[in-house]
Amino acid sequence: MGGPRLDSVKRVALLGATGSIGRQAIEIVAAHPELELCAAASGSSPLDDVDAPLKQVGGDLTELLERAQPDVVLNAVVGFSGIHATLWTLAHGIDLALANKESLVAGGERQLATRQAGGGRILPVDSEHSALAQCLEGRAAEEVHSLVLTGSGGPFRGRTRDELLDVTPEEALAHPTWRMGLKITVDSATLANKGLELIEAHFLFGIPYELIEVVLQPTSVVHSLVRFRDGAALAHLGYPDMRVPISYALTYPARAATPTPPLDLTSLTLEFEAPDTDTFPLLRLARDAGERGGTYPCTFNAANEVAVAAFLAGRLPFLGIADVVGDALARATGTPARDVEDLLEADREARRLAEQGLPVA
Ligand code: NAD
Ligand code: MG
């Protein structure tokens, strides 16, 4: 009969198709006959070379999803603007392959309620969370002792605050192990990315913040680990290559082949160190925001988005990013995150506060 059966084809809606994750996702979909793109979207860049029956540049992502009726949504949009697509997917009980961590962080408690109501499943694409989900799979909550989230430490690991006074966007964008979009690369340099990931892990796995440790592992080979109550720790290892977690999320529960080479253990050195949160305060600010709960994670995220954009535009020094976020968190109203309107309001307020915290042009 030839060719895959129609009902075995998974229809993927790819949001953020022109980005770093989006491009790699297109490669994964093209390599697997059981996956097909049913829709592709970008923010402003053209989609001419993307082959999908429905394409949309800008505009309302939920309208596109309504038309596409996907089996899985890969949300690879950058920033808070991905939140409506995340909520729509969870509310419709459709699998959400989630790269857009900002939407989960900002929407936290709200998303969980939506996921419960809609029955939607989140398949994390973030490499650390993909690793954690794999180490946790099939385990009861009471068997888990704690989570260890690993990070490379970014290009400025080991520097003092004095050595960071004059760093440029170009230097911040020279990430040692991962090639990614601009915003997440700056977040990796400030450790805001690890902060977002801490909150992401809390919401994804329901583990309290005090049981989530962050450790630096400069070569990004250990993607995270879970400690269990019997003293065993399970780690997930691999070369830093986002095609692996993208493929895992899209082909789950199968584990499809990827072009990534097998790990050559004898050529590796694995060293671990504690993060320096005095030099990189955004990790501490994220933990505080997460522990305060309600709309604080949303505030952290929005203020960080504004500060990173200002840094990239040359309007704010590198160390100013944490100052702007800390200041916005201190001044924010902070409410329970009851509905989307609470989140949108917290996001607007945080952007306003962060703008006020920027140096006058
Ligand atoms: P990127 O900047 O390379 O790409 C972002 C994509 O989102 C682009 O296609 C852009 O057109 C699209 N976009 C932006 N705003 C949009 C909107 N309002 N509507 C529709 N599309 C919009 O970013 P990236 O590095 O691919 O990261 C995407 C997400 O994945 C981020 O949340 C990031 O934190 C997360 N992530 C990325 C990596 C990585 O290796 N790049 C790793 C882990 C997690
Ligand atoms: Mg990550």
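Q: How do α1 and α9 lie to each other?
A: First, this is a predicted model: local features need pLDDT of at least 70, side-chain atom pairs count only at pLDDT 80 or more, and totals for chains, interfaces and linings use all residues. Residues are numbered from 1 along each chain as its sequence is written, chains are lettered from A and ligands numbered from 1 in the order written, and side-chain values use heavy atoms, leaving out hydrogens and water. The axes (lines fitted to C-alpha atoms over the stretch in contact, with angles from 0 to 180 degrees between N-to-C directions) of helix α1 (residues 20-31) and helix α9 (residues 243-251) cross at roughly 60°. Angles under 35 degrees count as roughly parallel, over 145 as roughly antiparallel and 65 to 115 as roughly perpendicular, so α1 and α9 are oblique.

Q: Which residues of α9 does α1 meet?
A: Helices here are DSSP runs (H or I, at least four residues). From α1, Ile21, Gln24, Ala25, Glu27, Ile28 and Val29 make the contact (heavy atoms within 4.5 Å). Their partners in α9 are Arg243, Ile246, Ser247 and Leu250.

Q: How do α8 and α10 lie to each other?
A: Helix α8 (residues 192-205) and helix α10 (residues 282-292) have axes that come within 7 Å. These axes cross at roughly 20°, so α8 and α10 are roughly parallel.

Q: Which protein residues are donors of the magnesium ion (ligand 2)?
A: Donors are N, O and S atoms within 2.8 Å of the metal (3.2 Å for Na, K and Ca). In sequence, the donor residues are spaced D-x1-E-x68-E. They lie 2.0 to 2.2 Å from the magnesium ion (ligand 2), and they are Asp126, Glu128 and Glu197.

Key. Helices (H or I, at least four residues) and strands (E, at least two) are DSSP runs, numbered from the N terminus.
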